[in-house]
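Please look through the sequence and the model shown here before reading the report. The headings that follow take up a few of the features in turn.

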Amino acid sequence: LTVLGLESSCDDTAAAVVRQRDGARPEILASVVKGQAELHAPFGGVVPEIAARAHAEKLDICVEAALAAAGIGLSDLDAIAVTAGPGLIGGVLSGVMCAKGIAAATGLPLVGVNHLAGHALTPRLTDGLDFPYLMLLASGGHCQFLSVEGVEDFTRLGGTIDDAPGEAFDKTAKLLGLPQPGGPAVERAAEAGDARRFAFPRPLMDRPGCDMSFSGLKTALLRARDAVIAEKGGITVQDRADLCASFQAAVRDVLAGKARRAIAAAPVGLTALAVAGGVAANRAIRAALEDVAAEAGLPFVAPPLALCTDNAAMIAWAGLERFRLGARDGMDLAARPRWPLDEKSPALIGTGK
Ligand code: ATP
Ligand code: FE
C-alpha cells in the first residue's frame, strides 16, 4: 500500500508518502515539511488566519514536492490520508479541502486521521512496535499518557490540566531573556547550572493518578528570578543557568514520576515506553524516562526528532493503518477543531475493528 498524507493542523504544512509492502517494514518515500515560524514570529504566537492562508498556499507545493521526491505519481497511490483534527480549524480545513480535491480528481479513497493518533502510531512506523505500548506525548501544545492498544484504540491515562511542558520551557526562556523556541535554549543554559539551587515544586506528584500541571512552575520561576534580582540587582549567567537547571529538573521529575504511574495503570503486557513531541528531544528528560522504562523492564522508544514533531509521514502512516482495516471517509469528512483520541471515528464504528 502507498499512501499520501497531508498535515496542516498547526503551523507546519506537510505532505509525505509512506509505503508498506505485504509483510515488509514500512518505508517513508518522502516527507516534506514547510514551517511558518517566520510568518508568525512578529506576533509572538501562531495567528490562525495567517496559518490557514499559508497552508492553503503551500499544500499543493508540498504535495508536488513529496510526490517528486518519492518518484511516483498520483496513479501510484492507494489512498489519501489527511489530518481532520484536532487543531486550528482554518488550517485543518485547508488540508481536508486539498485532500478532497485530489480524491475527487483521482477517485482515490480518502481517510481522515486524528493528528494525535498520528503521533501515537509513529513508533509502529519507526520501530515496528506491537500493541499495547505506552506513549508519552509531550510537546508545545500537548501532554498526555496514552495506552495505545490498537490502531483505533487509545486510552488516555492522564495529561496536563493546564500548560504543556514545551509551553513551560518557552515561557521560561522568555522570562530569562533566552531565544525561542525555549526548550533547546533552556536545555543548553541548564548544562552549566546547579539543579539543586532552587527548590521548584513537583506539581500534583503528591496526588494519585497521571495528571500533570506545569503552569505553577512558571510562576515559581518568575518569583525565584525576581528574588535574585531584588537581592543582587540583576541576574548573572550563573543565576540563569541555575534557574534553567532547577526548572528542567522539576519538569523531568514530574514526567518521569508520572510515567512510572502510567506504566502501573496501563494494561499488562506493555511492549515499550514510547515518546513523541518536541520535549522528548530534551536529553535530561529522555534519560530519566529511559531509566523509568528500564526499571519496568521495557524498551524505550524515541523516534527521530523529525518524526516526533509535526510531520505528514505520521499522518500517511496512520492513514495507511486505518485504510488497511477498512476505514474510508466520504466527501462529507469534517474538519474538527476538537477530537478526543479515545473517541472512535465514525468510519470504523460498526466494522468491529
Ligand atoms: P503540537 O504539535 O503538540 O501542537 P508543537 O508544534 O509546539 O505542538 P512540537 O513541535 O512537537 O510541538 O514541539 C515544540 C515544543 O518542544 C516547543 O515548546 C519547544 O520549546 C519544545 N522543545 C524542543 N526542544 C526541546 C528541548 N531540547 N527541551 C525541552 N523542550 C523542547
Ligand atoms: Fe503535533
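Predicted model: local features only at pLDDT ≥ 70, side-chain atom pairs only at ≥ 80, totals over all residues.

## Overall make-up

Residues are numbered from 1 along each chain as its sequence is written, and chains are lettered from A and ligands numbered from 1 in the order in which they are written.

## Backbone details in the loops

Two cis peptide bonds may be picked out, one joining G85 and P86 with omega about -10°, and another running from F131 to P132 with omega near -10°. P86 sits in the loop between β4 (79-85) and α3 (89-106), and P132 belongs to the loop between α4 (115-127) and β6 (133-138).

In the loop between α6 (182-190) and α7 (215-232) lies L204, which has a positive phi of about 65° although it is not a glycine. L204 counts as buried because it has 20 C-beta neighbours inside 10 Å, the cut-offs being 20 or more for buried, 12 or fewer for exposed, and partly exposed in between, with C-beta atoms placed from the backbone.

## The shell around ligand 1

Around ligand 1 there are 21 residues, of which G140, G141, G166, G183 and G278 come nearest; a residue is near if its C-beta atom, placed from the backbone, lies within 6 Å. Helices α5 (165-175) and α6 each supply at least two residues of this shell.

By type, the shell divides into six nonpolar, 11 polar and four charged residues, where Ala, Val, Leu, Ile, Met, Phe, Trp, Tyr, Cys and Pro count as nonpolar, Asp, Glu, Lys and Arg as charged, and the others, Gly among them, as polar.

## Helix α8

R260 is part of helix α8 (residues 237-265), and R260 counts as partly exposed because it has 18 C-beta neighbours inside 10 Å. Although R260 and E295 are 35 residues apart in sequence, their C-alpha atoms are 9.0 Å apart in space.

Methods:
Helix = DSSP H or I, 4+ residues; strand = E, 2+ residues; numbered from the N terminus.
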